[in-house]
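Here's a quick tour to read with the model open next to you.

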Amino acid sequence: GALCEIPEGYKQPVLVSGTDGVGTKLRLAMDLGIHDTIGIDLVAMCVNDLVVAGAEPLFFLDYYATGALNIDTAAAVVTGIGRGCELSGCALVGGETAEMPGMYEGEDYDLAGFCVGVVEKSEIIDGSDVGAGDVLIGIGSSGPHSNGYSLIRKIIEVSGTDLGAPMGERSLGEALLAPTTIYVKPLLSLFKAVRVKALSHITGGGLLENLPRVLPDNVDAIIDTGSWEWPEVFNWLQDAGKVDRQEMYRTFNCGVGMVLCVAPDDADAAIAHLAQHGLNAWRLGAMVSGANRVELR
């Protein structure tokens, strides 16, 4: 454990907590012997969930469980965790390494992450004042991030595809293991420049299931599916797995890692601000009167 002082400047600080893992993306990392980026995924899944409430991450802890501890593998994983904390501006204050023979096969391991952040009470982002006419802005993802990997692994198995097959300028395996984008620092900067009404981290369930969680019951989100092109890896997943397009949107982020909602007059400024911080952002859609549904057009 650790002690943490609330940063100066907060009048009514509210602590925000989150915990997550990386699912069966971990199995793919173990199969490929690539362990130095999965820690970034672990941090990203936690801190991206915190920032949707407007929170600044403060500290992170990890849990590493294995059947037989491989020091080099564990060091690579923790290096990735440290890198993720650096990218999100939070402190890695500790963790637990558990060696449990009989619980895991050989040197297989599992990960869990835990993060705590803080937000000013008056600045919590909860989506309550989203209204018809507001603009949805999409922010690009680096790939599938850390969701949908049970289906991904099944597609690989059934299609018999070699993970070394080219996928753009890298291999398919590298494309599938691309670390989850950490959006924290650009978004915290954006909050100071533009009023963001709602934020949705697009994880398991895709656009169709994540967006309704952060929107009021009296609006619908209209998504312009022609406003962006899917990254190549998603086209491969759909073709190789013969996955229905609607199911793709329900399972994967399909190239949209984060969605934010702003007033129409703030949309261009928000997109420009995110671009200045290296993120690909665009007008994804709009809000209309409705009943908390997502419509793909």
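Is Cys-254 buried or exposed? Cys-254 counts as buried, because its relative accessibility is 0%; buried means under 20% relative accessible area, exposed means over 50%, and partly exposed is anything in between, using a 1.4 Å probe and protein chains only. Before going further, note that this is a predicted model, where local features need pLDDT of at least 70, side-chain atom pairs count only at pLDDT 80 or more, and totals for chains, interfaces and linings use all residues. Residues are numbered from 1 along each chain as its sequence is written, and side-chain values use heavy atoms, with hydrogens and water left out.

**Domains**

- The protein chain is split into domain 1 (13-120) and domain 2 (134-296), with bounds that come from an automatic or database domain assignment.
- Taken over C-alpha atoms, the centres of domain 1 and domain 2 sit 22 Å apart.
- Across the boundary, 28 residues of domain 1 are in contact with 27 residues of domain 2, where contact means heavy atoms within 4.5 Å.

**The nonpolar core**

- The largest nonpolar core has 88 residues, and Leu-187, Leu-207 and Leu-260 have the most contacts inside it. Such a core is a set of buried Ala, Val, Leu, Ile, Met, Phe, Trp, Tyr and Cys residues joined through side-chain atoms within 4.5 Å.
- Helix α2 (residues 38-51) gives the largest share of this core, nine residues. Helices (H or I, at least four residues) and strands (E, at least two) are DSSP runs, numbered from the N terminus.
- Domain 1 (13-120) and domain 2 (134-296) each put at least three residues into this core.
- Not counting residues up to four places away in sequence, Leu-207 touches a group including Ile-202, Trp-228, Tyr-249 and Leu-284.

**Helix packing**

- Helix α2 packs against helix α3 (residues 71-88) at an angle of about 40 degrees, with their axes 6 Å apart. Axes are lines fitted to C-alpha atoms, for helices over the stretch in contact, and angles run from 0 to 180 degrees between N-to-C directions.
- That makes α2 and α3 oblique to each other: angles under 35 degrees count as roughly parallel, over 145 as roughly antiparallel, 65 to 115 as roughly perpendicular, and the rest as oblique.
- Helix α6 (residues 184-193) and helix α10 (residues 267-276) cross at roughly 145 degrees, and their axes come within 10 Å.
- The crossing of α6 and α10 is right-handed, and the contact is made by Pro-186, Leu-187, Ser-189, Leu-190 and Ala-193 of α6 with Ala-270, His-273 and Leu-274 of α10.

**Loops to click on**

- Cys-254 sits in the loop between α9 (245-251) and β10 (256-262). Its phi is near 55 degrees, a positive value in a residue other than glycine.
- Asn-292, in the loop between β11 (281-289) and β12 (294-296), has a positive phi of about 60 degrees without being a glycine.
- Thr-203 lies in the loop between β8 (196-201) and α7 (206-210) and is buried, with a relative accessible area of 14%. Leaving aside neighbours within four places in sequence, Thr-203 is in contact with Met-45, Asn-147, Asn-210 and Thr-251.
- Met-103, in the loop between β3 (91-99) and β4 (109-120), is exposed at 60% relative accessible area.

How values were computed:
Left-handed = near helix turned anticlockwise from the far one by under 90°.
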